[in-house]
2 protein chains.
Amino acid sequence: MSNGYCGRILRIDLTSGRISVETPDDAFYRAALGGRGLIAHYLLKDLAPGIDPLGPDNEFILATGVLTGAPVAGSGRSSIGAKSPLSGGYGDAEAGGYFGPELKRAGFDAVVIRGRAERPVYLWVHDGSAEIRDASHLWGRKAHDVQEAIRAELGDRGIRVAQCGPAGEKKVRFACVSNDVTHFYGRGGMGAVMGSKNLRAVAARGGAAYEPADPERLKEMARAMSRQIAENERGFTDLGTTGIVASLNAAGGLPTRNFRDGSFEGAAKIDGTTLRDTLLVGRETCYACAVRCKRVVEVKEGRGRYAVDPHYGGPEYETLAALGSLCGVDDLEAVCKANELCAAYVLDTISTGVAIAFAMESYEKGLLTKEDTDGLDLRFGNAEAMVEMVERIANRRGLGDLLAEGVARAAEELGPRARPLAMHVRRQEIPMHEPRLKMGLGVGYTVSPTGADHCHNIHDTMFVKRVDAVKPLGILETMPVDDLSPRKIRALKRFTDLRHTINSLGLCQFVGWDYNQQVELVRAATGWNTSLLELSLAGERAANLARVFNVREGLRAEDDRLPKRFFEGLGNGPIAGTKVNPRLAEEGKGEYYAMMGWDRTSGVPSRAKLAELGIEWAAAHLPREAAERGHPDRRPAPAGKGRRGTGAPRGKP
Amino acid sequence: MSNGYCGRILRIDLTSGRISVETPDDAFYRAALGGRGLIAHYLLKDLAPGIDPLGPDNEFILATGVLTGAPVAGSGRSSIGAKSPLSGGYGDAEAGGYFGPELKRAGFDAVVIRGRAERPVYLWVHDGSAEIRDASHLWGRKAHDVQEAIRAELGDRGIRVAQCGPAGEKKVRFACVSNDVTHFYGRGGMGAVMGSKNLRAVAARGGAAYEPADPERLKEMARAMSRQIAENERGFTDLGTTGIVASLNAAGGLPTRNFRDGSFEGAAKIDGTTLRDTLLVGRETCYACAVRCKRVVEVKEGRGRYAVDPHYGGPEYETLAALGSLCGVDDLEAVCKANELCAAYVLDTISTGVAIAFAMESYEKGLLTKEDTDGLDLRFGNAEAMVEMVERIANRRGLGDLLAEGVARAAEELGPRARPLAMHVRRQEIPMHEPRLKMGLGVGYTVSPTGADHCHNIHDTMFVKRVDAVKPLGILETMPVDDLSPRKIRALKRFTDLRHTINSLGLCQFVGWDYNQQVELVRAATGWNTSLLELSLAGERAANLARVFNVREGLRAEDDRLPKRFFEGLGNGPIAGTKVNPRLAEEGKGEYYAMMGWDRTSGVPSRAKLAELGIEWAAAHLPREAAERGHPDRRPAPAGKGRRGTGAPRGKP
């Protein structure tokens with residue numbers, strides 16, 4: 001069994017066209033794991049404070065994890081990171097599919113891209129080398145079209161394409177990046193960064209085999225997981241994430257009409273079962289995975305009000321809720337059409353849905369008029385208006401241009417009465433999980449490295465009964481969903497640390513690898529004699545690097561706050577009237593900070609925590625002011641110097 | 001495979017004679033693991049602040065761990081805990097042997113004893129029941145004699161006896177407890193507590209089989225370890241811990257002449273090889289263990305200057321150094337005789353040796369005269385005087401009565417010039433590891449829950465090259481022995497957390513179970529789906545409970561300090577002149593505090609850390625003053641109340 005992990009990292013400067021390769025050592029990979037861990041490391045080290053996320057000084061990082069491409073279910077994932085044009089802070093997003101494994105087969109663990117090309121380009125990475133190619137002919141074209149053009153041009157249908165789409169070209173702040181046109185690095189506006197660099201796509205192809213340290217053990221685990229999937233995962237294969245519509249609606253936590261309500265009278269028309277029984281034409285999957293949780297939907301030309309192109313797959317739960325219930329829309333065809341458009345333009349469906357719902361409520365309240373909407377009757381429930389708004393946002397047309405800035409900036413524009421309608425944390429739109437139902441997750445939104453995010457957050461529901469799975473984290477007790485006491489916060493901390501880990505490894509949370517199997521996988525893949533302790537520390541390390549990045553960019557604890565709406569009673573449904581207690585949310589946030597080794601008040605990581613995690617170098621990136629104000633372990637300033645300055649300027653990109 | 005661990009805990013009140021049984025649930029065992037974890041929990045919950053360690057209100061706790069008695073090498077260990085009469089703070093000690101497994105076979109995971117018997121008694125625990133029996137006839141008799149008397153009286157040679165010995169009867173503050181008369185719960189004066197309760201011995205016997213959740217897996221692991229021991233552990237079987245005399249002397253860190261020197265000219269006369277080639281007559285072992293690291297030495301009556309009784313086994317490294325080099329004694333027979341006497345009277349050889357070395361240096365400096373020593377020429381190197389002093393200490397005769405109080409109290413008595421000669425941290429004598437060689441371990445002495453202790457401390461030497469073993473702890477780098485930078489402190493923290501774990505599990509550090517195998521053992525033994533993360537948290541939990549206990553008893557950060565001697569140049573040998581830098585030691589201590597989630601200045605655990613570990617209840621035991629002064633996460637006191645009082649009285653037992 002070989003020991004260690006050595007990979008290559010491709011560095012591209014699009015301004016100069018310079019291409020180089022770095023080969024970090026095994027210890028680097030072991031501390032970072034890849035994905036989020038790698039991205040946080042590079043962004044903090046490489047970026048100057050206060051840079052424009054949409055300028056050439058930002059980095060656009062594609063990163064696999066040490067498990068990406070391993071021949072086991074769930075290993076298809078990879079990450080993209082950059083300073084987020086949405087939040088102005090640390091940004092990253094993950095996707096499944098085949099691109100990550102292919103990038104590795106092409107010889108690279110990560111691609112770190114900075115600068116800006118003079119004209120549209122795409123990057124062609126293959127068999128250990130890279131080439132910057134002209135993309136002028138691809139500009140403005142939809143995702144599937146571009147993918148097929150690149151495959152044809154390079155003469156290889158096996159090429160995998162990651163791309164930003166027309167929305168990224170237009171720097172829609174929540175433009176995302178897709179691969180295989182159906183897998184989305186969704187949050188944080190990674191597509192806008194890509195577009196700002198005139199980088200339309202990254203195409204990858206390679207023949208390097210994934211070489212695990214212990215191939216036999218991996219094969220054995222893969223076989224066992226295949227059996228487990230065949231036996232237990234039928235439900236998830238059947239409905240995928242779309243099954244959640246019905247369960248959350250039943251619990252009263254299905255985000256409806258811009259989070260005013262938790263129960264949607266039209267839920268049954270857009271839920272997973274209905275989707276399966278009507279528009280579903282196939283189930284797709286990711287690299288090496290038998291779960292097949294991805295939907296494929298189709299409405300043939302002329303068969304419905306909308307034709308829906310199956311090339312773009314089908315909606316996940318988040319999409320059904322964001323473009324459906326959140327907009328009060330119960331027209332499944334319209335939701336699927338809007339999903340197709342988001343995929344074609346490469347827009348994050350969550351932020352898109354939240355932006356449209358925001359506009360709908362603003363319209364209802366008279367903050368937007370028909371003049372603003374160019375005649376569109378933008379009321380909740382108007383399916384056609386919803387679909388039209390997707391087009392307008394993607395193309396920055398009319399009101400769409402305002403909404404393309406995200407709800408936080410749009411509300412600033414519309415004035416004080418609009419602000420309470422903007423559902424975001426740190427300017428990233430809230431995903432489709434209701435904090436008045438899942439209260440720990442609400443605190444998780446506020447303390448996330450990326451702004452409101454469900455991809456590294458606690459599942460409150462899991463802790464009500466099914467605690468066996470989390471016992472290896474030392475969480476031995478059950479707790480209700482509406483709990484915000486320290487036991488919930490420690491569950492949030494532990495669980496989230498490991499979510500950072502899995503997002504660094506390149507492993508899918510939807511495949512049933514338990515924590516100890518995850519350790520086994522890493523061991524078999526890398527030869528490291530590792531442990532859940534070490535992997536958890538890696539997750540915590542990534543979270544701390546991202547936090548230091550955010551503090552450096554001017555993040556203040558005051559920014560880590562839920563929208564006011566969640567402190568008001570939920571409008572309808574089984575838990576109508578339920579509020580998040582603002583004092584408890586604030587205390588929970590402080591408790592999370594403190595449990596993370598951050599200052600309870602300011603949220604600034606302590607030097608000791610950074611040193612404990614082996615990243616003492618990161619302390620030098622903390623602004624002096626924050627260091628002086630916030631450290632629990634600060635020392636008195638040298639005499640005669642005292643307190644001065646205000647640290648780095650608050651980032652307002 | 002069954003799931004979970006359920007045991008019984010025996011409660012004895014010696015004052016009333018009341019006997020009861022508690023049956024904590026699986027979650028209790030999973031959080032505590034047993035041993036140190038269990039002891040820290042009970043002592044903090046049960047004891048009132050400020051009680052006299054030698055009074056009836058103290059508890060004397062015998063505790064096994066969840067692995068004690070498992071049919072695998074290294075599982076013979078158990079712990080004893082109490083408020084220490086030496087340090088006045090948290091006290092515990094571990095031993096191997098057969099007593100722990102037998103206590104479990106007798107039906108109990110732990111025995112918690114409080115009160116004080118009116119006359120000498122012993123406790124007879126067998127087959128799920130317990131009986132308090134008269135021990136008047138055993139009082140004053142040596143250990144082996146008492147053990148055999150109990151076995152004869154109860155008519156069973158298979159009975160295992162833990163006992164305090166005559167030294168414990170006389171409340172020598174560093175009297176220890178032995179089992180099988182050759183295995184020692186050495187540190188912290190546990191024997192004095194036992195003696196103070198008029199409890200001469202605890203005898204155990206039972207027939208309950210150890211029932212692991214996965215017996216097949218345990219058997220498999222036991223077989224693999226047997227092979228590993230047969231192949232790799234010859235050196236350790238050959239010399240046991242006594243091999244360390246030569247290696248530390250070569251490195252210049254063999255404590256010599258009361259820590260003045262680091263190199264002993266007579267080392268070769270008392271080292272492991274010489275012992276093996278002269279007095280060694282056998283090698284013994286512990287329950288289920290093939291390592292056989294225990295020595296048996298004998299000098300037959302009339303064959304040397306001293307007859308040495310093989311019933312009492314033979315010296316470990318600590319003993320050879322403490323009664324040998326530390327006293328300047330190179331007479332191996334004398335050292336073995338002193339070892340036998342310590343075993344017969346049941347004295348901790350480390351504290352005994354340090355006390356005698358202290359007296360020798362005081363004598364040399366004229367702080368003690370022949371009048372004080374009753375004519376004994378108590379110079380360094382006088383082997384006979386050393387042996388005689390063991391007798392005097394055990395019997396509290398003459399100068400021995402003063403030394404029986406430990407060096408800290410003796411130095412107080414002798415005045416300011418004696419204080420620098422008293423080698424202790426928090427009134428517990430320093431073990432035989434030189435902080436000027438192993439600098440991380442020096443910081444470890446200061447922050448230990450028990451005062452100076454090597455049994456839950458870092459091995460600096462291990463981190464110079466052999467880092468593979470500690471990589472599962474996230475320690476990926478090597479570091480020199482004389483390093484006190486944050487990387488060393490984080491290694492100290494991680495390593496020590498896991499030492500608390502192993503001391504809670506009841507597993508031996510000298511058997512080569514690596515960290516992941518330890519997890520496997522716990523899993524197979526208990527059925528818990530556990531991880532190194534969870535086990536590490538359990539160790540950290542124990543350390544925090546002990547720290548809260550110490551803070552409640554008046555411990556201040558100022559007490560966490562090495563003796564001044566270590567800040568002065570080592571007298572001789574390869575690293576002559578080397579000092580510990582006091583500023584770096586102080587900073588390292590603060591860094592450890594901060595990495596533990598304790599206040600960097602006061603060392604008081606933060607509420608957040610306690611809550612993170614699931615022991616938020618422990619915060620209520622922090623004195624108000626400490627809570628106000630020390631918390632990194634303190635909140636302002638309510639208006640009009642402000643700061644008041646000085647918290648709990650400083651414990652001066």
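Helix 14 and helix 15 of chain B are roughly perpendicular to each other, a label that covers angles of 65 to 115 degrees. In this predicted model, they pack at an angle of about 115°, with their axes 10 Å apart; axes are lines fitted to C-alpha atoms over the stretch in contact, and angles run from 0 to 180 degrees between N-to-C directions. Helices here are DSSP runs (H or I, at least four residues), numbered from the N terminus. The residues that make the contact (heavy atoms within 4.5 Å) are tabulated here.

| Helix of chain B | Residue range | Contact residues |
|---|---|---|
| Helix 14 | 349–364 | Thr352(B), Ala355(B), Ile356(B), Met360(B) |
| Helix 15 | 383–394 | Met386(B), Met389(B), Val390(B), Ile393(B) |

Now to another helix of chain B. Glu102(B) sits in helix 3 (residues 99–105) and is buried, at 7% relative accessible area; buried means under 20% (1.4 Å probe, protein chains only). Its side chain makes a polar contact with that of Arg205(B) at 3.4 Å, that is, a pair of N or O atoms within 3.5 Å, one able to donate a hydrogen and the other to accept it. Beyond four places in sequence, Glu102(B) also touches Gly158(B) and Ala204(B), among others.

How confident is the predictor? The complex has an ipTM of 0.93 and a pTM of 0.94. Chain A averages a pLDDT of 94, on a per-residue confidence scale from 0 to 100. Over residues 629–653 of chain A, however, the pLDDT is below 50. Where pLDDT is low, predicted coordinates should not be read in detail.

A note on conventions: residues are numbered from 1 along each chain, and chains are lettered from A in the order written. Local features need pLDDT of at least 70, side-chain atom pairs 80 or more, and side-chain values use heavy atoms, without hydrogens and water.

Notes:
Helix = DSSP H or I, 4+ residues; strand = E, 2+ residues; numbered from the N terminus. Buried < 20%, exposed > 50% of the residue type's maximum accessible area, 1.4 Å probe, protein only. pLDDT = per-residue confidence, 0-100. Parallel < 35°, antiparallel > 145°, perpendicular 65-115°, else oblique.
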